[in-house]
Amino acid sequence: MQTKKIGDYTYELAQGAAEGMRVPGIIYADEPLIKKAQDEGVLTQVANVATLPGIVKASFAMPDIHLGYGFAVGGVAAFDAKDGVISPGGVGFDINCGVRLLKTNLEAASVKEKIPALMHELSRSIPKGVGGKGRLRLSESELAEAVVNGVSWAVKKGYGGADDIEHCEEEGTLEGANPEKVSNRAFQRGANQLGTLGAGNHFVEVQEVDRIFNDAAAEAFGLFEGQLVVMIHSGSRGFGHQVASDYLKSMGQVPAKYGFDLPDRQLAAAPVASPEGKAYYAAMVCAMNYAWLNRHIITHFTRLSFEYVFRKSISALDLDLLYDVAHNGAKLEKHEVGGQVRELSVHRKGATRSFGPQMEGLPKTYKDIGQPVFIPGDMGRASFVLVGCEESETQAFSSTAHGAGRLLSRKGAKKIVSGVELKARLEANGITVVAGHIPSLAEEAPEAYKDVQEVVDIAEGAGLSLKVAKLHPLGVLKG
Amino acid sequence: MDYEVLSHTAETGIKAYGRDLNQAFSNAAKATFWLLTDPNLITPTREIEISLQSSNVRELLVDWLNELLFYFETEGLVFSQFDVRISGASLKASAKGEEFKADKHPIKTQIKATTYHNLEVWSNGQASVQVYFDV
C-alpha cells in the first residue's frame, strides 16, 4: 500500500487505496517509520478502520504505530455519535490501559542509595505478575458501586485525596457506567485484581527528571531537573479483558443486522446509538473506571512504600499526582469538524488524548498550559512528559502517541538477550530491576522497542504535542 | 508436530495440528498452556468438564481457549491434558490439570485474551487451527 507525503511528518493513504474506505488514512511518521509501517502490513489495518460506518475526517495513526488486532496500535478514529459506530475491537482488550506520574520533592541524586530498598518495598506492597491478587477484597456489589463511582469511591474509602480526583483524566470517573451490562465473569475476574499491576509491559518505574524542554509547562506541572518521580503503567486487568471478550463475541452478528460489512472480525462494531452499542459503552465505562481505580490503589501502596523507606509522611514528601492519562478507550467528545461542533465517539487504541490550552475538561491548574501527556519508553533509556497544544485539535482530534512501539517480537527479544543478562546490564547502568519472572524480562528489553525519542520528536514535529521533560529510569518494577 | 508458536512484532499466536478437529483443538489448548507456563510441570490431578455452543467452528475455537483462560484466572487452574469432542459448532471437553502454584509453575507469558485476528480453522483430511492472543 502506497502513501503520499503531505507534510513534514504526515503521510496520506488515499481513500481509494483499499475497497470500501470512507475516508483517507493519515499517518504521522518520518521516512524510516512509514517504510516500516508499509513493510509490516499495518497500513491495511489503517485502511480497514477507514471502512467503518460514520468515520469522520480520517483513520489516523500516531508515530508509534505498529501492528495490532483490528485497529493498529497507535490508531485514532472518530465516529459520528448519531450515525457512526463504536467498536470493542477499536478499544482493545486492556480497556483504559494508561499511565500516571507521581511527583516527589526529592532530589534523585541525594536518595540514589535508597532506590534498591524502595524497589524492594514497592515489590512487596504492589501485587504483580500473573495471578497476583490485590489487597482489597470486594464483594460483587461493592465492586459494582466502585466501577460506577471510579476514583471518588476510593477517596471516600480513605485511599488518596481530592487532588487525586482533580488531576486525573475525566476526574477518574467517566459517566455512563452501568454494571448491569457487565457479565458475572468480568466481576469474577475483577474481584481480586483491584490494585494489581499485571504482567507484560506494565510497570512501576522510579525515574529522575533528566532534562526540561519547556520551562512554562514544567513549572505548571511542578517538575524540575533532578527530581525523583514515579511512573505507573497498568490497566483494567481481567475485568476489562473480559468486557472486551464478551462484547467482541456478542457483536459477531451485529454488523449484518445493521447492514454493514467488516473487513476483519476483530473490528466488531455496533452503531453508537443502537442497543448493542449503548450496552458496550456502559460496560466499557465500568472498565475505564476500574482501570483508574486500579492505578489509584497502586498509587496508594506506592505512597505507603515511600513513607516506609524515607521515614517521612506522604505530605512531607509532596507525593502528588501530576496527572493520569488513558491510552485505550472510546470516549464521547465534542470536536469541530468543517466549522461545525459535532459529538463524536473518539476511539484511541494505543493513543493518548492531548488537549491543548483552554479545552473543556482540563483541571484548572493546567487550563492555560494544556494537558500533560506521558509517553513511557523502554526500561533502559527514557520516558517523556509532553503537553497538548492548540495545533493538536486541528490534527487527529487532539491525540498523540502513547509509547515507543515494539521493534522485535517477544520471542525475537529473548533470542538477543536473556532476562538474567538484561538485569545485570541495567543494574550496571544504575537501574535497579525487580521482576516477577526474570526470564520474561527479556521480552521487554530496550532493544525490543523503538527509541521513544524518535516517537516524541515526530509527535512534536507533526504538532500533536510538545516536549516538556525527559525522564530516565532508576528503578523498575515489572510484573 | 502438535503445535508451533507464531510470533511477529507485537503478536503472539499458535498453530496447532491434528488428525481431526478434536485433536487440533486439544493441541491448541496444549500450546496455550505452553505459552503460559511449562506443561511438563503440571500434574493432572484435577479434571473439569466444559460444554460450549458457538455460532460456528471458528468462534468455537476462540470460546474454547477463552474458557480455559477463564478457569486459570478465576479458579487458578492450569491444564496439560485435554479430551475434546466437537460436533458442528458445539464442543464437549474434559481438561486435566492442577491448581496453579507460582513456585511450581513459572509463568512465561500473561495472556489477556484470545483474538479473532487471522483466525483459521482448516479441516480437510488432516486438521489445523491458528489463533492469536493479546499478551
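Predicted model: local features only at pLDDT ≥ 70, side-chain atom pairs only at ≥ 80, totals over all residues.
Which order do the strands take in the open sheet of chain A? The order is E1-E2-E3-E4-E5-E13-E12, so written for 7 strands with mixed pairing. Strand E1 (4-7) and strand E12 (328-337) are the edge strands of chain A, and each of them pairs on one side only. On average, neighbouring strands of this sheet are turned by 30° against each other, direction ignored.

For a closer look, find strand E2 (residues 10-13) and strand E3 (residues 25-28) of chain A, which run antiparallel and are joined by 4 bridges. Within E3(A), Tyr28(A) is the residue that stands opposite Thr10(A).

**The sheet in chain B**

Chain B has an open sheet of 3 strands, in the order E3-E5-E4, and the pairing is antiparallel. Its edge strands are E3 (46-53) and E4 (77-87) of chain B, each pairing on one side only. Here neighbouring strands are turned by 20° against each other on average, direction ignored.

E4(B) and strand E5 (residues 90-99) of chain B pair in the antiparallel sense over 10 bridges. Opposite Phe82(B) you will find Ala95(B), in E5(B).

Two helices of chain B lie across strands of chain B: H1 across E4 and E5, and H2 across E3, E4 and E5. The table sets out the angles of the helices in both chains.

| Helix | Residues | Angle to a strand |
|---|---|---|
| H1(B) | 21-36 | about 160° to E4(B) |
| H2(B) | 57-75 | about 140° to E3(B) |

**Where the chains meet**

How many residues does each chain bring to the contact? Chain A brings 32 residues and chain B brings 29 residues. On the side of chain A that touches chain B, helix H8 (184-190), helix H10 (237-250) and helix H14 (410-416) of chain A each supply at least two residues. H10(A) gives the most to this side, with 5 residues. The residues on this side of chain A divide into 8 nonpolar, 16 polar and 8 charged.

Terms used
Residues numbered from 1 in each chain as written. Chains lettered and ligands numbered in written order. Contact = placed C-beta atoms within 7 Å. Nonpolar A, V, L, I, M, F, W, Y, C, P; charged D, E, K, R; others polar. Pairing = 2+ DSSP bridges. Axes fitted to C-alpha atoms, helices over the stretch in contact; angles between N-to-C directions.
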